[in-house]
Amino acid sequence: MSDHELAARLATEAGELLLGVRDELADADAAARKAAGDKRSHDFLMAALAQHRPADAVLSEEGADDKVRLRADRVWIVDPLDGTREFSELGRADWAVHVALWQAGELVAGAVALPAQGVTLATPTVPAPPAAPATPRIVVSRTRPPAVALAVRDALGGTLVEMGSAGAKVASVVQGVSDVYVHAGGQYEWDSAAPVAVARAAGLHTSRIDGSPLVYNQDNVLLPDLVVCRPELAQAVLAVTAA
């Protein structure tokens, strides 16, 4: 099984597991669903990677950060449940599972599963989004849209699309539901690694908000900002975000 196939399989299977957790705990409180979802998906991914890629290092949001990864040639960067709040709210579909592989300085494979949508986006082949509308759509958090995203909306004469997890937001650009995702103010490598790998495979622009490259498998895993957008909008977006 190739790395691309493994990423897609594990993200999809973790997503199916999470749907089961949601059903099992439908009558529990949201906190119980969050805790169970995070733990069970993490445990599944760690066991599966140990089985299929035992020589590789792993960086997971839900696990201890083993710094051996800094000396490893291959590191899986995973978010077992991206959008825990949305997952805990029954009926919401804007949450995801991220599985990415970093090798020798680059993201080389990745998958974003959107389990409640029945969709997994995975490298190496991700269809480009359909034609853009005349008015750009900027996807933002439904609870805390960053000021930089609002500035991009104003500069581009765009509209806002509200959505939950980072993976769901990037997927919305890939799927043509939105056109620009700009974030500033706090994320970690696992929040963006798999979404960025998928976005690049779809031909989208990805960078920090100052236009510099997104770099992974760093000692400090904080990676607080990013831009994912249609390539034809990148110059106009960065003119705002890098200012």
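Here are legends for several close-up views of this predicted model. Residues are numbered from 1 along each chain as its sequence is written, and side-chain values use heavy atoms, with hydrogens and water left out. Because the model is predicted, local features need pLDDT of at least 70 and side-chain atom pairs count only at pLDDT 80 or more, while totals for chains, interfaces and linings use all residues.

**View 1. The chain is divided into two domains.** Domain 1 covers 3–122 and domain 2 covers 137–242; these bounds come from an automatic or database domain assignment. Taken over C-alpha atoms, the centres of domain 1 and domain 2 are 20 Å apart. How many residues of domain 1 are in contact with domain 2? There are 35, and they meet 27 residues of domain 2 (contact means heavy atoms within 4.5 Å).

**View 2. Five annotated residues gather at one spot.** In the unreviewed UniProt entry, the annotation "binding site" covers Glu 61, Asp 79, Leu 81, Asp 82 and Asp 191. These residues span 131 residues in sequence, but no two of their C-alpha atoms are more than 9.7 Å apart, so they gather at one spot. Glu 61, Asp 79, Leu 81, Asp 82 and Asp 191 also belong to the lining of the largest pocket. A word of care about such records: UniProt positions are given in the numbering used here, feature names are shortened, and annotations may be inferred rather than shown by experiment.

View 3. (Helices are DSSP runs of H or I with at least four residues, strands are runs of E with at least two, and both are numbered from the N terminus.) Is Asp 79 buried or exposed? Asp 79 is buried, with a relative accessible area of 0%, and Leu 81 is buried at 1%. (Buried means under 20% relative accessible area, exposed over 50%, and partly exposed in between, using a 1.4 Å probe and protein chains only.) Leaving aside neighbours within four places in sequence, Asp 79 is in contact with Glu 61, Val 97, His 98, Trp 190 and Asp 191.

View 4. Rolling a probe the size of a water molecule over the atoms shows where empty space is left. On a 1 Å grid over the protein atoms alone, a pocket is an open set of points where a 1.4 Å probe fits, with protein on both sides within 12 Å along at least five of seven lines, and lining residues have an atom within 4 Å of a point. The largest pocket has a volume of about 560 Å³; a volume is the space filled by probe spheres set on the points, which are joined across faces, edges and corners. The lining has 32 residues, with Asp 82, Arg 144, Gly 164, Ser 165 and Ala 166 nearest the centre. Elements giving two or more residues to this lining include S2, helix H5 (166–175) and strand S8 (180–184), and S8 gives the largest share, four residues. Each of domain 1 and domain 2 supplies at least three lining residues.

**View 5. Helix H5 is tucked away.** Nine of the ten residues of H5 are buried, so H5 is largely enclosed by the rest of the structure. Among them are Ala 166, Lys 169 and Val 174. Just after H5, Gly 176 takes a positive phi of about 85 degrees.

**View 6. Some backbone angles stand out.** Most residues other than glycine have a negative phi, and most peptide bonds are trans. Ala 104, in the loop between strand S3 (96–103) and strand S4 (106–114), has a positive phi near 50 degrees. Ala 104 is exposed, with a relative accessible area of 67%. Asn 217 also has a positive phi, about 55 degrees, but Asn 217 counts as buried at 6% relative accessibility. Which peptide bond is cis, with omega near 10 degrees? That one runs from Thr 123 to Pro 124, and Pro 124 is found in the loop between strand S5 (119–122) and S6.
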